[in-house]
Amino acid sequence: ANFSWVYSYYNEYKSYLRRMSKKIAIIGTGLVGRSWAILYTRGGYDVTLYDVSMEILVTALPLIQAQLSSMESANLLHGKTASECFDRMTTSTDLQESLRGAELAHECVPEDKDLKRKVFESMDRVMEEHTILCSSTSCIMPSLFTEELNHRNNCIVGHPVNPPHYCPAVEVIPAPWTSAEVKARTVSIMEGIGMKPVVAKKECDGFILNRLQYAVLQEGWRLVKEGVCDAKDIDTVMTGGLGIRWSFIGPFETAHLNAPNGIRDYAERYSKGIVRVSNTFGSPEPFQGKTLSDMAEYLESEMPVANLNETRKWRDEILKQMAIFKQSMPAKP
């Protein structure tokens, strides 16, 4: 008898189950892992939180509950309640159990290449064929810790902005061997939970966000070192100027609006000046010496190290208010 139809049906059924899968595994329950857990449950997924000890997991749960309650009070849970989201979470210290049935496993361990390679190798050994292995790394190229894996085609980076539950941008960075399907599924999952994926066409050191961030930090450092201005002036330029604009339109959109006839007009008017100034930027500055001492003196007087946790809470409250405002922003004409 020809039973090929049985295998065909079985494979179709497995594909159907995979499409219906609504489980995410969070690997590591620090700040970023906890934030991802909130975002995925808000998006309708069941989440298994994995860490190396139950003590770590028990510590993470009340922090997640508190953040969910704060977001619920601000109407930032997309119509869900804090308890609905929290009830979708389970915990485990068994990696294989955590990955079983998962559409995506999101690694959120500290920023160390060797540690990430070790975690990915462990996931590679116990994962199911369809599971996406996603890393939250902020600037380690995925090719550096996934090349030797059996399931390397399933590997990708999903790097959020901190804190992810208030900042929706996420960098999606493929390795050279990441499959087109995995890339498309990752983008679909991110969009489905309310994030705004920035999809790189290829990996590069530092990705996109940190290359831009480092450029600003480098030039700001240089201006302070050369005595052009104080560190506080750099922060004021951002908080009272560029940062306000860039919080709702990007630098290219800003340029497009800053010339009467858009970006072509802007390039015609300003490109020579931009090139002239850019040629004076010089080589990268190491963050050390007298400039570091001056920078630390300013920052430690403005935000004492002993009070940094309180200052972070203040920052997060402002970001929450901005997230609330952005939900009600009018659309661009």
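Being 4 residues apart in helix α8 (residues 180–192), Arg185 and Glu181 sit about one helical turn from each other. Helices here are DSSP runs of H or I with at least four residues, strands are E runs of at least two, and both are numbered from the N terminus.

A quick word on the ground rules. This is a predicted model, where local features need pLDDT of at least 70, side-chain atom pairs count only at pLDDT 80 or more, and totals for chains, interfaces and linings use all residues. Residues are numbered from 1 along each chain as its sequence is written, and side-chain values use heavy atoms, with hydrogens and water left out.

**Salt bridges**

The term stands for a side-chain nitrogen of Lys or Arg within 4 Å of a carboxyl oxygen of Asp or Glu. Searching the whole structure turns up 15 of them.

| Pair | N to O distance |
|---|---|
| Glu111 and Lys116 | 3.9 Å |
| Arg269 and Asp265 | 2.8 Å |

How exposed are the partners? Buried means under 20% relative accessible area, exposed means over 50%, and partly exposed is in between, using a 1.4 Å probe and protein chains only. Arg185 counts as buried at 12%, while Glu181 is partly exposed at 44%.

Arg269 is partly exposed at 48%, and Asp265 is buried at 15%. Elsewhere, salt bridges that share partners tie Glu103, Glu181 and Arg185 into one network.

Asp51 lies in the loop between β2 (46–50) and α3 (54–73). The side chain of Asp51 does make a polar contact of 2.7 Å with the side chain of Thr29. That label needs a pair of N or O atoms within 3.5 Å; within protein, one must be able to donate a hydrogen and the other to accept it, and residues adjacent in sequence count only if both atoms are side-chain atoms.

Leaving out residues up to four places away in sequence, Asp51 touches Gly28, Thr29, Ile56, Leu57, Ser92 and Thr93. Contact means heavy atoms within 4.5 Å.

**Gly33**

Gly33 lies in helix α2 and is buried, with a relative accessible area of 0%. Setting aside neighbours within four places in sequence, Gly33 is in contact with Ile26, Gly28 and Cys108. Gly33 and Gly227 are 194 residues apart in sequence and 41 Å apart in space, C-alpha to C-alpha.
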